[in-house]
Amino acid sequence: MKHSKLSVWLLPASALVLAGLAAPRPEPAHAAAPAASAAAGTPTSTPAPAERPPPLGEPRYDAALGRWVAPLGQGRAVLTIEPRLQARLERTLASNAVPWGVTVLIEPATGRVLAMAEHSEAEPARKGLARTAMAPAASIFKIVTAAALLERGVRPDDEVCYHGGKRRLQPKLLADDPRRDSRCMSLTSALGHSANVVFAKLAGRDLGAAELRTAAGRFLFGEPIPFALPVDVSPAPIPDDPFQLANTAAGFGPVRLSPLHAALLAATVANGGVFVPPSLVEEADGATPPVPPAPWRVIDEQVAGALADAMRSTVTEGTARKVFRRGGPGSLRGVEVAGKTGSLTDPSPYRDYSWFVGYAPMDRPEVAVATLVVNGQKWRTRATAVAREALEAYFSNRVASADAPGLRTAKAPAP
């Protein structure tokens, strides 16, 4: 299945660029600083900084209003978070007693954040996990590597033969060995099955550190994410050493990621390669609401389409197949999901990190999801299972609330 183009009717007025050429990414404010001319005797002047909206305070649920709100300067903001979704996702994490867990849901076409649910048995008082780059990106970083490979001319059906490397990589595994390389896999299947050696070999052959750094930067690794609340920068140091570069490209490097950022990766693929900045403020009383910048293109639409097909294979035949095949009440039968899993264990102190990022439906993306679960020595649940429940919650909530005032989805954007 090829990735379908977004229909114009999916888009709010601020995101009409998704129907054609997206706006380029805006330059940082400091880039426009005037050159000093004091040496020439001309007085220098610094332009007055643009007026910034007041900072958003800590979100909370207002039971009387039935909405999530937050202080905004001297006023109050009503947030985009859907209360029923948020509550259900929080219950899912709490019922599994996860040491740390987060689920974020976003409308890809609008950037509206529908849920930022989090729970921690280990640190009950900790807030803001959704915006914290607390976990290794692990194999989620393969999305960036795959995009860079596709841009370098690697085709989705190009195959690599390999052996070993399921748990860790060694330099000798990256050299072709016709006697032992008994398995072959395409780039599409390698993303779906999260084949480490295939990605390491392809990166070693077709990518340099500069290309991978560029791709990571466009996906906002090492860059600030525009949002109404502070978000950790997701660091992505890309080494020059060939083996360490291949290791990082396969998901074993020192790259870290926040759950909000992870959801935006999936949303960018869902949007055909266009990044729509996340939006949290629905309306504001007594203050000027923050306005997200215009969307911009991150990758070519054809590259995004190839990534979408590969992410679909994660669910149909790859690492998430068993979880998404099960049926039953509230199942996702009839809803095609695209996704990517990631897992990594840190031995000291022991942390078992698992990720799932994705979106649904494939043909008309309405929701992007990112789930992170961090287990200790005692295994609780995995991110794939929690993310599936989150998608079930979204689609059941949408059906149950279709006529409720104030509910808006990507199919019915705000006027």
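Trainee: Which residue in E15 is the bridge partner of Ser-354?
Mentor: Val-373 is the bridge partner of Ser-354. Before we go on, this is a predicted model, where local features need pLDDT of at least 70, side-chain atom pairs count only at pLDDT 80 or more, and totals for chains, interfaces and linings use all residues. Residues are numbered from 1 along each chain as its sequence is written, and side-chain values use heavy atoms, with hydrogens and water left out.

Trainee: What is pLDDT, and what is the average here?
Mentor: pLDDT is the predictor's confidence in each residue, from 0 to 100. The protein averages 85, and 81% of the residues score at least 70.

Trainee: Where does pLDDT stay under 50?
Mentor: Residues 1-21 stay under 50. The model has 47 contacts (heavy atoms within 4.5 Å) for them beyond four places in sequence. Residues 402-415 are also below 50. Where pLDDT is low, the predicted coordinates should not be read in detail.

Trainee: Back to E15. How many bridges pair E14 and E15?
Mentor: Nine, in the antiparallel sense. E15 covers residues 367-375. Strands are DSSP runs (E, at least two residues), as are helices (H or I, at least four), numbered from the N terminus. Two strands pair if DSSP finds at least two bridges between them. A hairpin of six residues joins E14 to E15.

Trainee: And which strand makes a hairpin with E14 through two residues?
Mentor: That is E13. Ten bridges join E13 (residues 338-347) to E14, and they run antiparallel. Leu-344 has Tyr-353 as its bridge partner. Ser-343 stands opposite Ser-354.

Trainee: Is E14 buried or exposed?
Mentor: Nine of its eleven residues are buried, so E14 (residues 350-360) is largely enclosed by the rest of the structure. Buried means under 20% relative accessible area, exposed over 50%, and partly exposed in between (1.4 Å probe, protein chains only).

Trainee: What is the strand order in that sheet?
Mentor: E5-E4-E15-E14-E13, an open sheet with antiparallel pairing. E5 (113-119) and E13 stand at the edges with a single partner strand each, so one side of each has no neighbour in the sheet. The twist averages 5° from one strand to the next. Axes are lines fitted to C-alpha atoms, for helices over the stretch in contact, and angles run from 0 to 180 degrees between N-to-C directions.

Trainee: Which helix lies across E4 and E5?
Mentor: H1, running at about 25° to E5. Helix H8 (residues 301-316) packs on the sheet too, touching E13 and E14.

Trainee: What span should H1 have?
Mentor: At 1.5 Å a residue, its 13 residues (83-95) should span 18 Å, and the end C-alpha atoms are 18 Å apart, which agrees. The expected span is 1.5 Å times one less than the number of residues. The buried residues of H1 include Leu-85, Leu-89 and Leu-93. Just after H1, Ala-97 takes a positive phi of about 50°.

Trainee: New topic. Which strands form the sheet with E1?
Mentor: The order is E1-E2-E3-E11, open and antiparallel. Neighbouring strands there are turned by 40° on average, direction ignored. Three bridges join E1 to E2, and Arg-60 stands opposite Val-69 in E2.

Trainee: Last one. How many helices and strands does the protein have?
Mentor: Ten helices and 15 strands. Buried residues make up 53% of the 415.
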